[in-house]
Amino acid sequence: MASAAEQLAANINFGAFAKATELKKRIWFTLGALIIYRLGTYIPLPGIDPNILADIFRQNSGGILDMFNMFSGGALSRMTIFALNIMPYISASIIIQLMTAVSPTLEQLKKEGESGRKKLNQYTRYLTVLLATVQAYGMAVGLQGMTGSGGPAVDNPGVFFLATTVITLVGGTIFLMWLGEQITARGVGNGISLIIFAGIVAELPRALAGTLELGRTGALSTFFIIFLLLMAVGVIFFIVFMERAQRRIIVQYPKRQVGNRMFGGESSHLPLKLNTSGVIPPIFASSLLLLPLTVAGFSGGQGPEWLTAITTYLGHGQPLYIILYVALIVFFCFFYTAIVFNPSETADNLKKYGGFIPGIRPGKNTADYLDYVLTRLTVVGAAYLSVVCLLPEILISQYAVPFYFGGTSLLIVVTVTMDTVAQIHSHLLAHQYEGLIKKAKLRGRRG
């Protein structure tokens, strides 16, 4: 059931959009920032032969580099100043969020409100710089050791190349972090998510062109391509439906009398999303499973026999790969949900403000009930994520479809689109309310 805000937003006359000057400024600022980001994905790092690097990436396709390259909008394969993209910041945010559950100091900061949130954001920035430095150094060392069919990838390896590469990559990540915060503050919101969204969507035309090229050469039939496109649309509808799904638990507040007046007695609801963990489980599961393939690819097939055997069994579409992928998604769904939602803390907050669930005693019984409901929802959410993420794997392994617009990337695109539309609707609603206030000419009473 749609909320009141969603119902109002659905009935908005978009003729009022032209009058919402503040919203138009925010949209233009967001578009300008994303254009700057896309331009940066084509500025290459100095001292690297792009042709040899492209040849090396073709040889090592199928590993974790493909996923990171998709998130970066092709910046990693072109080895540009934004090759690391915003992923160090995402990793730092996840680490800080997980640490708040095990560190009493960070947990206390989380409860302090705005001041605590600012400190946590500052810690996240420091950790982002540290992670970006480590990743940039590892990438620079790896580039120096890469050799393609035409020679080494780096023209003049050495300390100077290492220093310039690390400084450039870390600077690019910090700039994207700042740009995302500016989009959040001065744009339509969700700055970091919109940067990842822009990178994924930028790769869509290339994936479509590759699929149509297979159809032209006869590798894929026309009916299969049409079926593939219709199936992609169906998956998008399925993701939208599941991401909007929630269990609403009724919360009742008791009546209380103050003087001769009666207050309270109203009922509210506690919404529990079907997919509380979001896109974190597929990202973690893909990273862990593709790591052996990447290591084996960089070793050039000269690694130990056990590594070769693991990469054989963990290939796309292999039974062991599918089983482990589903198992890791389910594990991270339950693990991350337990981190972001604490039934005991929620039950204590309800008890503190006098709220209770009808038929459930406050305190421990409420916490057990919330944990029971959340466990059942997480089972369904884990099954939903597993189905969506396995679909592109099967297409890639069985039909060699170069259409990697699925799984994690499709989840990110759909959820970010929904959040952005909701942000625009909220700005339009705020503009309408401001207009109503101005027309009513509301004034305070004069003594």
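These legends walk through several close-up views of a predicted model.

View 1. Let's begin with the rings: a search of the whole structure turns up 8 aromatic pairs. In one of them, the ring centres of Tyr 37 and Phe 82 are 6.1 Å apart and the planes meet at 20 degrees, so this pair is stacked. Tyr 37 belongs to helix α2 (residues 21-40), while Phe 82 sits in the loop between α5 (75-78) and α6 (87-99), and the two are 45 residues apart. Phe 82 also forms a stacked pair with Phe 175, with 6.0 Å from centre to centre and 10 degrees between the planes. Phe 175 is in helix α9 (residues 159-186), so this pair ties the loop to a part of the chain 93 residues away in sequence. Tyr 37 and Phe 82 are both buried; the relative accessible area of Phe 82 is 4%. Phe 175, at 32% relative accessibility, is partly exposed. Together with Trp 178, the residues Tyr 37, Phe 82 and Phe 175 make up one aromatic cluster.

**View 2. An arginine lies over a tyrosine ring.** Here you can find Arg 78 over the face of Tyr 42, at 4.0 Å from the ring centre.

**View 3. Helix α15 has a buried face.** Helix α15 (residues 319-340) has 22 residues, and its end C-alpha atoms are 32 Å apart, in agreement with the 32 Å it should span at 1.5 Å a residue. Where do its buried residues lie, seen down the axis of α15? They fall within an arc of 145 degrees, so they line one face of the helix. Among these buried residues are Tyr 321, Tyr 325, Ile 329, Phe 332 and Tyr 336. As a general rule, an α-helix has 3.6 residues a turn, so residues three or four places apart point the same way. On the face of α15 turned away from the buried side, look for the exposed residues Pro 319, Ile 323 and Ala 338.

View 4. The 13 residues of α6 reach 18 Å from the first C-alpha to the last, close to the 18 Å expected at 1.5 Å a residue. Buried residues of α6 include Met 87, Pro 88, Tyr 89, Ala 92 and Ile 96. Thr 173, in helix α9, is buried, with a relative accessible area of 1%. Setting aside neighbours within four places in sequence, the contacts of Thr 173 are Leu 84, Asn 85, Ile 86, Pro 88, Thr 128 and Ala 132.

View 5. Thr 366 has its place in helix α17, and at 3% relative accessibility Thr 366 counts as buried. Which residues is Thr 366 in contact with, leaving aside its neighbours within four places in sequence? They are Ala 347, Leu 350, Ile 357, Ile 360 and Arg 361.

Technical notes: Residues numbered from 1 in each chain as written. Predicted model: local features only at pLDDT ≥ 70, side-chain atom pairs only at ≥ 80, totals over all residues. Heavy atoms only, no water. Phe/Tyr/Trp six-rings, centres within 6.5 Å; stacked < 30°, edge-to-face > 60°. Helix = DSSP H or I, 4+ residues; strand = E, 2+ residues; numbered from the N terminus. Buried < 20%, exposed > 50% of the residue type's maximum accessible area, 1.4 Å probe, protein only. Lys NZ or Arg CZ within 6 Å of the ring centre and 35° of its normal. Expected span 1.5 Å × (residues − 1). Arc of directions from axis to C-beta. Contact = heavy atoms within 4.5 Å.
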